[in-house]
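Here is a short report on one protein model. Keep the structure open as you read.

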Amino acid sequence: MNITDTTHNITVSEWNDEIVTSLIPNIIITFVYLVLGICGNILVLLVYTFQIKKRSDERYFIPILAVFDLIATFYIGSYDVFQCLHQVNFSNDIICKAAQYFVGLNTFMPIIILIIIAFQRYVKICMPLKQAMTLSMKKALLSFAILLSILFALPLPFVYGVIPFKSTDKTITGMRCGRIKKGRVLIRIVYAAVLGIFAIVIVTTLIVLYSRIGYVVFRIFKTNKQTSTRSQNEDTEQEKQDGNSKEENTMETTADEQILEVKQNSEEQCYVKSPAMPISGSQKRTINNRRISYKLTFMFFVITVVFILSYIPKIILMIIEGIYKDFWETLPTSTRSGAMFVNHIFIVNNIANPYIYAFMDKKFRDETKTFLKRAFSKIQCM
């Protein structure tokens, strides 16, 4: 579409080129997102495929989340670049609707998986006597997550489409892929309400579950600390009693007193039978597994916090769009880059997870080092 503006003698293509020039920083940042997200999530999948082959219940959802994060990063990142390059000359309505549908699908899937992970952590920490999720239950929840994501994304083709985009200073009209403003008012209102409720339910559920988990873990740590302190005090008291006994025993050298010393030693052995006594191998494994469970729970909590923080700017911008219907049309070219950056920053949610694993999961970090050493050694031998 090459509509010529008689006042400023400019075409839509030239106007689009002008906007694209201002969005070059956004395109560069998005390419950085793509590289970081694709490399990070592929590395997670490779490590869990070739190094951590036997996944425990704790780590079951990590490679699954990596798959959906990888798809979301590649698709949403590529579409963001395409959008930046076609700000006012997007003319294909079918591509626009299909693109928005898959953006929604790839956005909802990781979010619902985070809810499933939070529920799993809640059962694991707060209800330890309850049976852990079975494999069939996990598969059923994943199927439910996919189905729910499809249902939530289905209305998007009716809400988005190619719409006129008028310039406020060039008296020229282009076309862009955006939210439809005319017609289908009921669908748009209902869908906006459903999305709003969905966002509130998701955030509230995550806050409640992790608050409950945090409270239980804090209470366990506090109880363990009190038990440890009490044990140390008892050990100190016992040492003092032992010292006094030894002083008395050195002063008396009769056979009867030696027998008494043997009795006292046997009593001491019975006394130490509590916390100071060496724990069995199974107890060590239980304590170690519990410690790992707490660390992974905290890691998933950090992932959830990153998710919430990355979506807050997007939600704020969507609210502004709802209040000011001509928000993008009235936005000056100089500030468009900042608005687009805020609009696309939610992709950080799909990029950050591999680096959170590397920073907070020692087993993943060690296995990654081993995998990379093997990979580089094979490359050198070729």
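## A buried cysteine

Cys126 is buried, at a relative accessible area of 19%. Buried means under 20% relative accessible area, exposed means over 50%, and partly exposed lies in between (1.4 Å probe, protein chains only).

This is a predicted model, where local features need pLDDT of at least 70 and side-chain atom pairs count only at pLDDT 80 or more, while totals for chains, interfaces and linings use all residues. Residues are numbered from 1 along each chain as its sequence is written, and side-chain values use heavy atoms, with hydrogens and water left out.

## The disulfide

How many disulfides does a search of the whole structure find? It finds 1. A disulfide here is a pair of cysteine sulfur atoms within 2.5 Å.

The partners are Cys96 and Cys177, with sulfur atoms 1.9 Å apart. Their link is right-handed, with 75° about the S-S bond. Cys96 lies in helix α4 (residues 93–126) and Cys177 lies in strand β2 (residues 173–179), so the pair ties together parts 81 residues apart in sequence. Helices (H or I, at least four residues) and strands (E, at least two) are DSSP runs, numbered from the N terminus. Both Cys96 and Cys177 are buried.

Gln83 sits in helix α3 (residues 61–85). Is Gln83 buried or exposed? Gln83 counts as buried, because its relative accessibility is 12%.

Set aside the neighbours within four places in sequence. Gln83 is then in contact with Gln100, Cys177 and His344. Contact means heavy atoms within 4.5 Å. One of these partners, Cys177, also belongs to the disulfide.

Lys314 is part of helix α9 (residues 281–323). Lys314 is buried too, with a relative accessible area of 18%.

Which residues does Lys314 contact, leaving aside neighbours within four places in sequence? They are Val342, Asn343 and Phe346. Now take Phe341, which is 27 residues from Lys314 along the chain. The C-alpha atoms of Lys314 and Phe341 are separated by 9.6 Å.

## The whole protein

The secondary structure comes to 14 helices and 2 strands. The protein has 382 residues, and 39% of them count as buried. Take the contacts between residues at least 6 apart in sequence: 79% of them join residues at least 24 apart.

The protein exposes about 22,200 Å², with 66% supplied by carbon and sulfur atoms. Accessible areas come from the Shrake-Rupley method with a 1.4 Å probe; for residues, only the protein chains shown count as cover.
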